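Welcome! Try each task before reading its solution.

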Amino acid sequence: MEVFFLRHGETEWNAEKRIQGSTEWTDLTDAGVRVAKATRDGMQARGLTFDRLYSSPYRRALHTAQILGAGLGLEPIVDRRLCEISFGPYEGTIYREGRNFDKNAEKAEQDRIDLVDRLMAEAVKKYPDVYYIKTNATEANTIVFEANPS
């Protein structure tokens, strides 16, 4: 079994540097839609096929999954276990506002992204059937498929 992981496309709140957490209704920006379509097209160009496509119920993730699924012939399967953690009353606030949440929230968010990248890189090295697809949220032509080199 091969497993591919992909993060949702850029949202309005990503672009505004807002904390999203478990907020379910944020949607993709035009750039986020372009990147999702470019990722789908990249998968098709590489001849990738899938048996299933899972998504959290959040609009941003489901919209990304629907774009991918439309080109891959799959309907996303919604699974709440893929939901992000809640940041409570801080959701919707701009990182720089802090509001006693974290004076370095923007750096903390980048650290979290870097940690996910490092963990996924380790998984890719350790498990030959794990792939991590990284996209640049603002450039639809930047798609990196990382796979075990074996």
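**Exercise 1. Find which residues E24 touches, leaving out those up to four places away in sequence.**

Solution. Start with the contacts: E24 touches Y58, R59 and R80, where contact means heavy atoms within 4.5 Å. Before going on, please note that this is a predicted model, in which local features need pLDDT of at least 70, side-chain atom pairs count only at pLDDT 80 or more, and totals for chains, interfaces and linings use all residues. Residues are numbered from 1 along each chain as its sequence is written, and side-chain values use heavy atoms, with hydrogens and water left out.

Helices (H or I, at least four residues) and strands (E, at least two) are DSSP runs, numbered from the N terminus.

**Exercise 2. Is E24 partly exposed or buried?**

Solution. The relative accessible area of E24 is 36%. Buried means under 20% relative accessible area, exposed over 50%, and partly exposed in between (1.4 Å probe, protein chains only). E24 is therefore partly exposed.

**Exercise 3. Search the whole structure for aromatic pairs and describe them.**

Solution. The search finds 2 aromatic pairs. Rings of Phe, Tyr and Trp (its six-membered ring) pair if their centres lie within 6.5 Å; planes under 30 degrees apart count as stacked, over 60 as edge-to-face and the rest as tilted.

- The ring centres of F4 and F50 are 5.1 Å apart and the planes stand at 80°, so this pair is edge-to-face. F4 belongs to strand β1 (residues 3-6) and F50 to the loop between α2 and β2 (54-55), so the pair ties together parts 46 residues apart in sequence.
- W13 and W25 also form an edge-to-face pair, with 5.2 Å centre to centre and 80° between the planes. This pair links W13 in helix α1 with W25 in the loop between α1 and α2, 12 residues apart.

Now compare accessibility within the second pair: W13 is buried at 11%, whereas W25 is partly exposed at 48%.

**Exercise 4. Which residues make up the largest nonpolar core?**

Solution. The 6 residues are M43, L53, A65, L68, L72 and L74. A nonpolar core is a set of buried Ala, Val, Leu, Ile, Met, Phe, Trp, Tyr and Cys residues joined through side-chain atoms within 4.5 Å. Helix α3 (residues 59-72) gives the most to this core, with 3 residues.
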